[in-house]
Amino acid sequence: MLTTPSLAENLATEFNRIRSLKRDFERRYATGQTTTLPGNAAFLDDGRVLCLERPRGDSRYVYGRDGFHLWVTATGYIHANHGRLFLFLPTQAGSEPNITFFAGARRADGIFQPLALLPVPLLPESEALVEQRYAVLGHDASYFVTETPTLAGIVRVFLDQAASAQPRIAFSILLENRADQPLDLYLSAYVNPLCRHQFFETSEDCWFKQVQVAPDSPAPTDGQLPPIVTTVREDPARTVSLTHTLTLQRTLHLPDGTRAQTQVCTAQRGYTGGPRRGLAQAAFLTTGAFAEPTPLTVFNDNAIAGDLHRFRLAGGAAVRCDYRIAFASDPDHPHPPLSANAVDGAHARVRAALSAAPHDLSLSVRGCSLDGVPDETFNHFFNYLRRQVEVCAQTRGFMQPAPRSLIGIRDICQAIEGHLFDDPAAARARLGEVLSYVLTDGRCPRQYALPGSDGTSAADLREFVDQGCWVVSALHTYCATTGDLGLLAERFPYHRIHPDVADTLIAAEETDSGLHHLLRIMDYLERQRDPQTGLLRALYGDWNDALDGLGLTADPQREFGSGVSVMASLHYYRNCAETIALLERVAPAEHAARIDRLNRIRAELRTALLEHAVVAQDGRRRILHGWGDGRAYSVGGFADSDGRARDGLAANAFWALCDMLPEDRDLHAEILGAMERLDSPYGMKTFEPGFAPGTPGVGRIPNLPIGTAENGATYVHATIFGIMALFAMNEPRRAWEQIHKILPFSPHQQGISHSPFVMPNSYLHNPELNLTGQNMNDWQTGSSNALLKTLVWHVAGFRPGLDHLRIAPATWGPLSAFAFTARAHGRRIRILYRRGAGQERCVLVNDTPAAVQRDAESGIPYVDLDYAQLSETGDNVIRITDPE
């Protein structure tokens with residue numbers, strides 16, 4: 001245990017606490033009191049995630065806000081970006097890290113035994129001496145622990161973004177001599193910034209990058225060392241020149257009487273010891289010194305910030321070293337002095353801000369009977385899910401290092417729908433931003449970027465027909481949940497396509513109300529109806545954007561054919577109802593003609609969907625996903641373009657979600673049949689069977705191996721559409737069976753290759769291709785908001801409307817009780833649910849019995865509450881008891 005009182009004690013205390021939490025988990029696990037997560041991970045008692053080494057895959061956490069992302073992985077890889085500006089690039093597994101730390105202890109033969117304090121790079125010979133190596137990821141910080149018979153080290157990394165507009169990345173290292181006798185030791189840091197608006201390194205980057213020990217630095221005091229400054233110059237455009245400055249501040253705190261010698265090396269080859277050496281073979285690792293300390297490097301080598309501290313440490317003593325990476329576009333931007341106490345104070349403020357965050361949304365369950373899913377696991381997971389949705393709702397793009405990793409309209413709108421339960425003000429701001437990127441003709445771009453230095457915005461202008469549908473739904477959800485109709489009156493600009501630059505938008509001079517933006521979107525969608533069927537043409541594609549062939553045509557005179565998306569048509573059908581509800585709420589007389597027109601369109605769509613979207617054969621029926629130009633072929637029918645019968649999940653789910661089931665109740669059984677055929681060990685697939693290479697007419701989806709992404713795999717976002725539909729159809733047992741299959745911490749997810757504590761975007765399944773439950777991605781995926789909304793709308797039954805609040809929890813669930821909180825129209829609602837009492841549902845609202853009704857179609861019991869009868873100041877407690 002660390003007992004050195006002369007050091008700043010917060011990190012030492014945290015090291016001991018993490019060790020204690022890990023031991024407590026091991027004890028409880030050994031006695032069957034808790035479980036692990038797939039991927040060799042586990043929730044600790046305080047909700048942080050313990051990550052041990054795993055044979056494949058990685059876990060990670062993302063810190064930051066306002067477009068700044070700091071990604072920390074359990075394997076020790078770290079990268080950071082602010083929009084398109086990458087301070088540190090992502091690193092492929094097995095490659096050299098851009099940030100790492102080393103320690104070394106001199107052996108009796110005079111050679112130093114090196115130790116990587118982050119898990120990368122791998123030092124095979126030294127790793128054999130490691131007794132403990134693990135990471136702990138949490139909402140406040142990540143920790144990396146390494147212990148050998150003679151050394152124990154911890155590295156803490158966190159993002160200090162609370163006190164300054166300029167984010168600062170802080171690293172604190174504590175190294176303890178566990179031996180009885182003094183040891184000759186070193187500590188070394190390696191930091192290789194990029195600081196460029198690009199997604200990869202080039203051989204020319206070194207020409208414009210300089211790293212040096214800060215000139216004219218004051219004499220070191222209180223452990224402070226001269227900072228190392230990186231300066232990068234880049235020219236993103238012919239008339240734009242930028243200078244970026246990244247300052248590595250440093251402090252070293254030694255026990256009284258201990259002295260250190262410090263070297264700095266700013267050249268990559270100088271740090272490693274030669275061009276043939278990588279970090280794992282660096283010469284200093286065994287010599288304990290840089291052969292050629294270099295205080296300044298520019299042009300002729302990749303410039304890095306590296307240092308090395310040599311000292312003799314008494315047995316049982318510890319040394320602390322702190323680094324803070326401060327970025328600024330202004331080279332003269334001042335940075336506050338660094339000290340261990342300053343870093344610990346910043347970390348304490350981060351924790352305090354997390355504790356004080358006004359989360360409106362919470363869910364805590366008790367008595368969970370899902371196999372291998374203890375209550376504590378589900379409850380910890382919900383907090384990470386909420387954070388995942390926040391990250392997706394607040395992204396400023398470029399979460400992936402790719403030119404088209406922009407802000408997706410459909411993606412951000414669905415994330416906003418989930419995040420508005422927790423932070424309605426942030427959701428409102430993002431919705432306003434989305435509205436400002438609607439084009440003057442009502443079309444919504446597929447993706448957009450925030451304006452660059454020239455005022456233009458990069459955009460993905462492929463005309464996916466569904467984009468506007470998600471904007472309309474998000475606006476309706478926001479207004480219904482918050483009661484804030486002011487967003488519809490507020491004025492926003494439009495954008496237009498740049499006449500001379502491809503894939504670029506410029507701001508239009510015209511402004512208009514949020515409501516009129518919505519109406520222009522609806523007008524655009526109306527213009528995309530196929531004259532023959534009245535349904536929405538697919539154009540470039542719909543939500544299932546890998547299925548991008550339905551809108552193709554052989555006619556060179558037309559950009560798009562008459563191919564239809566049934567999924568988008570169903571969504572448009574719902575959009576009409578959502579728009580009518582908003583118009584009737586804000587200005588029914590003014591928009592009477594529009595309301596009549598939308599009602600007429602709904603009637604036409606209803607007839608067209610029943611006539612054209614449902615196909616029959618031998619007494620069975622299927623709901624198509626869509627069809628190609630001239631209806632030459634279909635997708636999701638009895639004989640698709642490849643001659644195979646196929647089921648598609650999204651259209652079946654949207655048939656129920658968009659209120660088409662009352663028009664033909666017999667389709668209830670057909671939808672359940674499709675879902676059964678789509679099922680797999682990981683949940684319902686998006687399509688079954690998948691599309692083989694060369695399948696005509698469906699676009700690029702056959703280029704994906706069968707069993708991956710949307711092609712015959714569990715694309716989780718679509719699976720949750722299906723889960724929502726099952727709840728809406730009053731099939732809660734089937735819905736919960738699917739939830740159990742898709743939860744990343746369910747016991748059967750042993751193939752998971754990403755973080756087991758947030759939602760993945762897919763589960764791959766094709767044993768012939770060695771695909772057995774791996775994932776494409778995590779964190780940035782619509783499955784997070786879809787699951788969150790499922791828990792809110794269907795499990796908790798919290799359904800705010802424009803005029804009343806409906807409370808309608810699912811009629812069955814594997815939970816004996818839950819407590820849920822959220823806000824509706826500014827009123828705090830607390831639902832306390834328990835199962836196992838009485839013969840029918842009983843509801844008390846603020847201790848007053850409420851009349852329970854049943855939905856005429858689904859049979860789900862509900863209570864409708866007028867907002868006027870709910871308190872605007874205190875908690876409104878709704879107690880619900882259900883029979884067993």
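Is D640 buried or exposed, and what is its relative accessible area? D640 is buried, with a relative accessible area of 5%, where buried denotes under 20% relative accessible area, exposed over 50%, and partly exposed the range in between, computed with a 1.4 Å probe on protein chains only. The structure is a predicted model, in which local features require a pLDDT of at least 70 and side-chain atom pairs count only at pLDDT 80 or more, whereas totals for chains, interfaces and linings use all residues. Residues are numbered from 1 along each chain as its sequence is written, and side-chain values use heavy atoms, with hydrogens and water left out.

The predictor's confidence in each residue is expressed as pLDDT, on a scale from 0 to 100; its average over the chain is 94, and 97% of the residues score at least 70. Over residues 1-8, however, pLDDT stays under 50, and for this segment the model has 23 contacts beyond four places in sequence, a contact being heavy atoms within 4.5 Å. Where pLDDT is low, the predicted coordinates should not be read in detail.

Helices (H or I, at least four residues) and strands (E, at least two) were taken as DSSP runs and numbered from the N terminus, and two strands were considered paired if DSSP finds at least two bridges between them. On this basis, an open sheet of 6 strands is found, in the order β21-β40-β41-β46-β42-β43 and with mixed pairing. Its edge strands, each of which pairs on one side only, are β21 (362-366) and β43 (848-849). Strand β21 runs antiparallel to β40 (residues 817-824), to which 5 bridges join it, and V365 stands opposite F818 in β40.

Helix α6 (residues 375-394) comprises 20 residues and reaches 29 Å from its first C-alpha to its last, close to the 28 Å expected at 1.5 Å a residue, the expected span being 1.5 Å times one less than the number of residues. This helix is mostly covered, with 16 of its 20 residues buried.

A search of the whole structure finds 68 salt bridges, each defined as a side-chain nitrogen of Lys or Arg within 4 Å of a carboxyl oxygen of Asp or Glu. D640 forms one of them with R646, the closest N and O atoms being 2.9 Å apart, and R646 likewise counts as buried, at 0% relative accessibility. Elsewhere, salt bridges that share partners join R410, R446, D460, R462, D466, D545, D548 and R700 into one network.

Two further salt bridges lie within helices. In helix α1 (residues 9-30), E26 and K22 are 4 residues apart, and are therefore separated by about one helical turn; their closest N and O atoms are 2.5 Å apart. E26 is partly exposed, with a relative accessible area of 37%, whereas K22 counts as buried at 6%. In helix α8 (residues 424-436), E433 and R430 are 3 residues apart, about one turn of the helix, and form a salt bridge with closest N and O atoms 2.7 Å apart; both E433 and R430 are buried.

The structure holds 0 disulfides, a disulfide being a pair of cysteine sulfur atoms within 2.5 Å. C321 is in no disulfide, and the nearest cysteine sulfur, that of C265, is 16 Å away; C321 is buried, with a relative accessible area of 0%. The sulfur of C444 is 7.5 Å from the closest cysteine sulfur, in C413, which is too far for a bond, and C444 counts as buried at 5% relative accessibility.
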